[in-house]
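Subject: Handing over a structure

Hello,

Please open it first, and then read my notes beside it.

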Amino acid sequence: MPPESAGVLIVRHHRTRHEVLLVHPGGPFFRKRDLGAWTIPKGMVEPKESPVETARRELAEELGWAIPPAPERLIALGTVRQKGGKIVHGFAMAWEGEPIDPEPRANSVEIEWPPRSGKRLSFPEVDRAEFFPLAEASQKILAAQVDFLDRLAQMLERRAIPSPPDCPLY
């Protein structure tokens, strides 16, 4: 069975457009990569954990943001299969906090670097997090996850994302 991960695509209305939150992987392999390297904040689904629980946990771990417990706040965007075979469950949620720039608080990952050197170094799992307009996000995000943006755009057109009173999306 392929590995599974889950994450949340945060959407906000900023000035005259919708923007989504993406994170950039840390470490030397991604240091100079931009287009096609960003992702939704996500992580591995643990045993006995649902994708929704994983998505909530990962947003808290990577950015320190707690999602209100109301289940209707997370709207399923379906799944995608990434190039390596991993299945990613995506959810959308309107951001209702202050319009601040996100600050990653990612866990560290240890990898052998440089490759085949025998040296193990620790790097942040995520080194940046930013809100992007949908069109720009489509260029920044991993190719397999573009489907999440397309599905979100369709939902926004249909006004199918709940909009908190203090954070109107429409």
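This is a predicted model: local features need pLDDT of at least 70, side-chain atom pairs count only at pLDDT 80 or more; totals for chains, interfaces and linings use all residues.

Residues are numbered from 1 along each chain as its sequence is written, and side-chain values use heavy atoms, with hydrogens and water left out.

The chain as a whole

The chain has three helices and eight strands; helices (H or I, at least four residues) and strands (E, at least two) are DSSP runs, numbered from the N terminus. Read from the N terminus, the order is β-β-β-α-β-β-β-β-β-α-α. Of its 170 residues, 44% are buried, where buried means under 20% relative accessible area, exposed over 50%, and partly exposed in between (1.4 Å probe, protein chains only). The accessible surface comes to about 9200 Å², and carbon and sulfur atoms account for 53% of that. Such areas come from the Shrake-Rupley method with a 1.4 Å probe, and for residues only the protein chains shown count as cover. Taking contacts (heavy atoms within 4.5 Å) between residues at least 6 apart in sequence, 64% join residues at least 24 apart.

Helix α1 covers residues 51-63, and the span of its 13 residues agrees with expectation, because 1.5 Å a residue gives 18 Å and its end C-alpha atoms are 18 Å apart. The expected span is 1.5 Å times one less than the number of residues. Buried in α1 are Thr54, Ala55, Arg56, Glu58, Leu59, Glu62 and Leu63. These buried residues pack against β1, β2, β3, β5 and β8 (126-133). After α1 comes Gly64, with a positive phi near 75 degrees.

Helix α3 (residues 146-157) has 12 residues and reaches 17 Å from its first C-alpha to its last, close to the 16 Å expected. Its buried residues are Val146, Phe148, Leu149, Leu152, Met155 and Leu156. They pack against β1 (4-14), β2, β4 (75-81), β5 (87-94) and α2 (134-140). Asp150 also lies in α3, and counts as partly exposed because its relative accessible area is 39%. The C-alpha atoms of Asp150 and Leu77 are 9.5 Å apart, although 73 residues separate the two along the chain. Arg159 follows α3 and has a positive phi, near 55 degrees.

The largest pocket

What is the volume of the largest pocket? The value is about 650 Å³. On a 1 Å grid over the protein atoms alone, a pocket is an open set of points where a 1.4 Å probe fits, with protein on both sides within 12 Å along at least five of seven lines, and lining residues have an atom within 4 Å of a point. Grid points are joined across faces, edges and corners, and the volume is the space filled by probe spheres set on the points.

The lining has 31 residues, and Pro25, Phe30, Thr39, Lys42 and Lys86 lie nearest the centre. By kind, the lining residues are 17 nonpolar, eight polar and six charged. Here Ala, Val, Leu, Ile, Met, Phe, Trp, Tyr, Cys and Pro count as nonpolar, Asp, Glu, Lys and Arg as charged, and the others, Gly among them, as polar. Strands β2 (17-25), β3 (42-44), β6 (108-112) and β7 (120-124) each supply at least two lining residues, and β3 gives the most, with three.

A few single residues

Met1 sits in the segment before β1 and counts as exposed because its relative accessibility is 89%.

Most residues other than glycine have a negative phi. Lys48 has a positive phi, near 65 degrees; this residue is in the loop between β3 and α1 and is exposed, at 89% relative accessible area. Arg116 also has a positive phi, near 60 degrees; its place is the loop between β6 and β7, and it is exposed at 77%.

Finally, Ser122 in strand β7 touches Ser108, Val109 and Glu110, not counting residues up to four places away in sequence.

Best wishes
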